[in-house]
Structures are given as structure tokens and as C-alpha cells.
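Dear colleague,

Please find below the structure that I am handing over to you. My notes on what was found in it follow directly after.

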Amino acid sequence: MTSPKHRGFSRLVSCLQSGLLAQHRKKGETIKKEMASGQMSRDEALECTSCRHACHVMLYSETASQLFGRIPIRYIVLMQMRFDGLLGFPGGFVDPSEETLEEGLTRELLEELGVAVPISTEDHVESCFSLPCSGKYSSSSRLILHFYVKKIEEDQIREIEKAAASTAADHGLEVLGMVRVPLYTTKSDGGLSSFLSHSFIGVARSQLINSLLRLHLVSPGALREALRGSQRKHAESAQNLQEVLKLTGEQP
């Protein structure tokens with residue numbers, strides 16, 4: 001016959017085992033989700049020595065400015081028009097065998113923005129495999145994307161915009177210009193809706209949307225409306241392109 005003390009210990013062990021099993025299952029589910037989304041930690045990403053690494057950053061600041069003196073802008077978020085006509089975040093390729101990811105990103109920012117914005121590991125948000133043509137994350141892409149977000153002062157934003165257009169080595173070449181993301185919405189799906197309807201490089205649009213939500217720069221409801229408006233803009237653009245094609249002599 002087992003003693004009350006032994007039965008109590010058995011129940012404790014049983015509870016611990018149940019808790020550990022639940023944690024293990026939860027961890028397993030999390031790992032599966034991370035694998036499906038291509039997500040990994042910074043350290044895990046650096047273990048892939050045969051992979052290429054690219055680092056990009058979203059720079060943003062608060063602002064008291066108002067559009068037309070009545071529409072609060074609230075935040076300034078910087079992106080850039082790339083040489084290929086796509087929108088993306090500043091940054092580029094980094095070789096971890098020669099420099100840290102953050103040192104490499106800071107170097108890229110100096111080339112593209114004309115200002116050496118210091119980036120640290122605290123600014124790191126996520127690392128993931130790039131999204132190939134199949135539309136699914138896969139380690140076969142051999143390219144790992146590292147995304148950072150850094151909040152700076154509005155004066156620094158203005159300094160970056162001036163330097164990017166005057167002293168940056170890549171201006172007019174790899175970078176065609178800096179742009180601010182309009183976080184407000186105007187009539188006829190203007191503002192954020194129109195901006196999101198443009199073409200983005202890789203996962204840049206998703207990185208932007210996730211950051212806006214995570215940092216509470218735009219409410220989920222406002223973002224949903226902006227995305228719906230963006231879909232309408234896409235439909236309008238497709239119809240407009242059909243009309244423009246007729247001007248070239250192409251028959252429908």
C-alpha cells in the first residue's frame with residue numbers, strides 16, 4: 001500500500017509530466033509554424049554558412065505635422081524606390097564571415113542614405129528565408145533576409161532625406177529616391193491604400209504591414225480598410241493598363 005506522501009509525489013510527477021508534454025507539443029507546433037513561414041532566430045540564421053544574407057531596416061519617427069493643416073500624419077516611415085522600380089527598405093547583402101550583420105547593414109545605409117545610421121542587435125525583428133517564385137518559404141532559396149526596425153528623431157529623418165538625395169553614393173543608381181509611407185487615408189482610396197497597391201520587392205510589403213501593426217502605428221481596422229482600398233486600386237490599374245495597351249495598337 002502506497003503512503004499518502006508517495007501518492008502526493010506521484011501526482012506531482014504526473015502534473016509535471018503533463019505540463020512538460022504540453023510545453024513540448026506547443027514548442028513542436030511553434031517550430032512547425034516557424035518552418036512553414038521560413039522564420040528562424042538570428043543565431044539559427046547565422047549557422048547557415050552556405051547561405052547568402054541580406055539585411056534591411058525600417059526607419060521611422062514620430063511627427064506632429066499635419067497634411068493640409070488638418071490630417072495628422074503622426075509617424076514618418078521611410079522606404080525607397082529601387083533601381084528596378086520596386087519599393088523596398090534600405091539595406092543590402094552582408095557577408096557574416098567579414099562583418100556582423102549590423103555592421104554590414106550600417107555600411108549599406110551609408111552607401112544608400114549618405115548617413116551611417118548605427119544599427120544594433122536590439123533593432124533586429126526577424127530572420128527568414130526569402131520567398132521564392134513558388135510563393136512558399138524554403139531553405140532551398142539559400143537567401144536569408146534579416147529585418148530590423150529603428151525609431152529615430154524627426155530631425156534625423158530629415159537629415160537622411162537630404163543626404164540621400166545629395167551625398168549618397170547610390171543615389172540615382174541602385175536607389176532612385178527615398179519615399180515616406182502615407183499612413184493616413186484620403187478620399188477615393190488615397191494615401192495608404194494607394195501606396196500599398198504599388199509593387200514591392202519580395203516580402204517588403206508584408207514587413208511593412210507587420211511593423212505597422214506590431215508598433216501600433218496604424219490600427220488593425222484602418223489597415224484592413226486600406227488593404228481593401230488597395231485591392232480596388234489594383235482592379236482599376238488593371239483596367240487602365242488594358243486601355244493604355246490599346247493606344248499601342250494591341251487588340252483585345
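Phe-68 counts as exposed, because its relative accessibility is 65% and the cut-off for exposed is over 50%. In this predicted model, Phe-68 sits in the loop that runs between strand E3 (66–67) and strand E4 (71–72).

Is Asp-189 buried or exposed? With a relative accessibility of 16%, Asp-189 counts as buried, because buried means under 20%.

I turn next to the cysteines. A disulfide is a covalent bond between the sulfur atoms of two cysteines. How many disulfides does a search of the whole structure find? The search finds 1, and this disulfide joins Cys-48 to Cys-51, with an S to S distance of 1.9 Å. The link of Cys-48 and Cys-51 is right-handed, with 60° about the S-S bond. Both Cys-48 and Cys-51 are buried.

Cys-55 has a relative accessible area of 0%, so Cys-55 is buried. Cys-128 has a relative accessibility of 2% and therefore also counts as buried.

Yours sincerely,
A colleague

Conventions:
Residues are numbered from 1 along each chain as its sequence is written. This is a predicted model: local features need pLDDT of at least 70, side-chain atom pairs count only at pLDDT 80 or more; totals for chains, interfaces and linings use all residues. Side-chain values use heavy atoms; hydrogens and water are left out. A disulfide is a pair of cysteine sulfur atoms within 2.5 Å. Buried means under 20% relative accessible area, exposed over 50%, partly exposed in between (1.4 Å probe, protein chains only). Helices (H or I, at least four residues) and strands (E, at least two) are DSSP runs, numbered from the N terminus.
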